[in-house]
Amino acid sequence: MLNVVVLRGRLARPAEDRLLPSGSRLIALEVTVTRADGPAETVPVAWFDAPAVATGWDAGRQVLVVGRVRRRFFRAGGATQSRTEVVADTVVPVSQAKRVQALLAAAADRLGDSEAIGLP
């Protein structure tokens, strides 16, 4: 089974650094992606064990995200709720052209790998 997401967009708000009860660190991002055929969409992104420099990223920064889609369930207000988000493997500022190209090539390789997508 294959679950690969590639997003390119702008941060809708500054990166939010969170310390989870487990002790893990999480950077929460909201990435706004523009579409040629419709309105922009904002996608929540969770980035575990992100480098410390990401905590200083501000709204408007263009980024490329490679990761996977996750739907998680939680209880709030006595009811079960869910949230669909992208769990980032890597996030790179678009201004770092060489890193962006390498990241896109790696994502394309993952998508083109016939074993990864279950083909003979």
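Contact here means heavy atoms within 4.5 Å. Of the contacts in the chain with a separation of 6 or more, 52% are accounted for by residues 24 or more positions apart.

This is a predicted model, in which local features need pLDDT of at least 70, side-chain atom pairs count only at pLDDT 80 or more, and totals for chains, interfaces and linings use all residues. Residues are numbered from 1 along each chain as its sequence is written, and side-chain values use heavy atoms, with hydrogens and water left out.

**Whole chain.** Colour by pLDDT, the predictor's confidence in each residue, from 0 to 100. The chain has a mean pLDDT of 89, and 92% of its residues reach 70 or more. Now select residues 116-120, where pLDDT stays under 50 and the model has 7 contacts beyond four places in sequence. Where pLDDT is low, the predicted coordinates should not be read in detail.

**Elements.** Switch to cartoon. Helices (H or I, at least four residues) and strands (E, at least two) are DSSP runs, numbered from the N terminus. The chain has 1 helix and 6 strands, in the order β-β-β-β-β-β-α from the N terminus.

**Main core.** A nonpolar core is a set of buried Ala, Val, Leu, Ile, Met, Phe, Trp, Tyr and Cys residues joined through side-chain atoms within 4.5 Å; buried means under 20% relative accessible area (1.4 Å probe, protein chains only). Select Leu 29, Trp 47 and Val 65: of the 19 residues in the largest nonpolar core, these touch the most other members. Strand 3 supplies the largest share of this core, 4 residues. Then show what surrounds Leu 29: beyond four places in sequence, its contacts are Leu 11, Ala 15, Val 43, Pro 44, Val 45, Trp 47 and Val 91.

**Second core.** Select Leu 64, Val 66, Leu 103 and Ala 107, which are included in a second, separate core of 6 residues.

**Pocket.** Which residues lie nearest the centre of the largest pocket? Select Arg 18, Leu 26, Ala 46, Arg 72 and Glu 85, which are among its 14 lining residues. A pocket is an open set of points on a 1 Å grid over the protein atoms alone, where a 1.4 Å probe fits, with protein on both sides within 12 Å along at least five of seven lines; lining residues have an atom within 4 Å of a point. Strand 3 (25-35) gives the most to this lining, with 4 residues.

Terms used:
Buried < 20%, exposed > 50% of the residue type's maximum accessible area, 1.4 Å probe, protein only.
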